[in-house]
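Subject: Structure handover

Hi,

Here is the structure I promised to pass on to you. Have a look at it first, and then read on for what I found in it.

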Amino acid sequence: MTDTPDRSVPVFVHPTADVEEGARVGDGTKVWHLAHIRSSAQVGAGCVIGRNVYVDANVTVGDRVKIQNNVSVYQGVTIEDEVFVGPCAVFTNDFRPRAQNPDWTITPTLVRRGASIGANATLVCGIEVGEYAMIAAGAVVTRDVAPYQLVAGNPARPKGWVDEKGEVVSRDVASPPRHG
């Protein structure tokens, strides 16, 4: 894997996908069946946007990100480079959702470089997922996740630490190993 995207590979957009005018999609990115990228969204280079993925207005997705099928990335979510988002993962952006709320405000969520989010995980808004953190499938994340931390369950709780490859390097939840 290279640190710089390949600028010579064109964007691929499946004929059933909708990339609105004003959306920015980086070189080499593939946008698959029935995906929808809103105007003012930014998707980096070398990404894979799976089937039925929704990227809302004002969302930022970094380079070399893989968002699997049936994921909605709503306003207020920022995903940095090399993040993996598993199928059917859910991001929220409202702490108190109501059909009618004139005072509604977006609560941001930040997913740092290299983090992995498992299938069917739910990330409640207002959190930060640290770099290279690992969120297990089905987890409900209600709090920040530290860099390299492994979390699982409902609500998600620390289960150990991983390295940049995603291998578990410690099950001692209280003492993160040194990195770098």
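Before I get to the pairs of residues, one term: two strands count as paired here if DSSP finds at least two bridges between them. Please also keep in mind that this is a predicted model.

β3 and β6 are paired in the parallel sense, with two bridges between them. Arg 24 has Gln 42 in β6 as its bridge partner.

Is Gln 42 buried, exposed or partly exposed? Buried would need a relative accessible area under 20% and exposed one over 50%; Gln 42 has 31%, so it is partly exposed. Leaving aside residues up to four places away in sequence, Gln 42 touches Arg 24, Val 59, Thr 60 and Val 61. Asp 63 is 21 residues from Gln 42 along the chain, and their C-alpha atoms are 10 Å apart.

Now step back to the sheet around that pair. β3 and β6 belong to an open sheet of six strands with parallel pairing, in the order β3-β6-β9-β12-β15-β18. At its edges are β3 (24-25) and β18 (128-129); each has a single partner strand, so one side of each has no neighbour in the sheet.

- β21 (residues 149-152) and β22 (residues 157-162) run antiparallel and are joined by four bridges. Ala 152 is opposite Arg 157 in β22. The two strands make a hairpin with four residues between them, and Gly 153 in the turn has a positive phi of about 100°.
- β22 and β23 (residues 168-170) also run antiparallel, joined by two bridges. Trp 161 has Ser 170 in β23 as its bridge partner. This hairpin has five residues between the strands, and Gly 166 has a positive phi near 90°.

Some backbone details may interest you as well. Most residues other than glycine have a negative phi, and most peptide bonds are trans. Where does this model depart from that?

- The peptide bond between Asn 154 and Pro 155 is cis, with omega about -5°. Pro 155 sits in the loop between β21 and β22.
- Ser 40 has a positive phi, near 75°, although the residue is not glycine. Ser 40 is in the loop between β5 (36-37) and β6. Its relative accessibility is 33%, so Ser 40 counts as partly exposed.
- Cys 88 also has a positive phi without being glycine, near 65°. The loop that holds Cys 88 runs between β13 (84-85) and β14 (90-91). With 31% relative accessibility, Cys 88 counts as partly exposed.

Finally, the chain as a whole. How many helices and strands does the protein chain have? The count is zero helices and 23 strands. The radius of gyration is 16 Å, close to the 16 Å that the globule rule gives for 180 residues, so the chain is as compact as a globular protein of that length. The C-alpha trace spans about 50 × 45 × 20 Å along its principal axes.

A few totals for your notes:

- Buried residues make up 40% of the 180 in the protein chain.
- Of the contacts with a separation of 6 or more, 17% are between residues 24 or more positions apart.
- The accessible surface is about 9,400 Å², and 49% of that belongs to carbon and sulfur atoms.
- There are 17 positive and 20 negative charges, and their mean positions are 6 Å apart.

That is everything I have for now.

Best wishes

Definitions and conventions:
Residues numbered from 1 in each chain as written. Predicted model: local features only at pLDDT ≥ 70, side-chain atom pairs only at ≥ 80, totals over all residues. Heavy atoms only, no water. Buried < 20%, exposed > 50% of the residue type's maximum accessible area, 1.4 Å probe, protein only. Contact = heavy atoms within 4.5 Å. Rg over C-alpha atoms; globule rule 2.2 N^0.38 Å. Areas by Shrake-Rupley, 256 points an atom, 1.4 Å probe, with all protein chains shown as cover. Lys, Arg positive; Asp, Glu negative; His and termini not counted. Charge placed at Lys NZ, Arg CZ, Asp CG, Glu CD.
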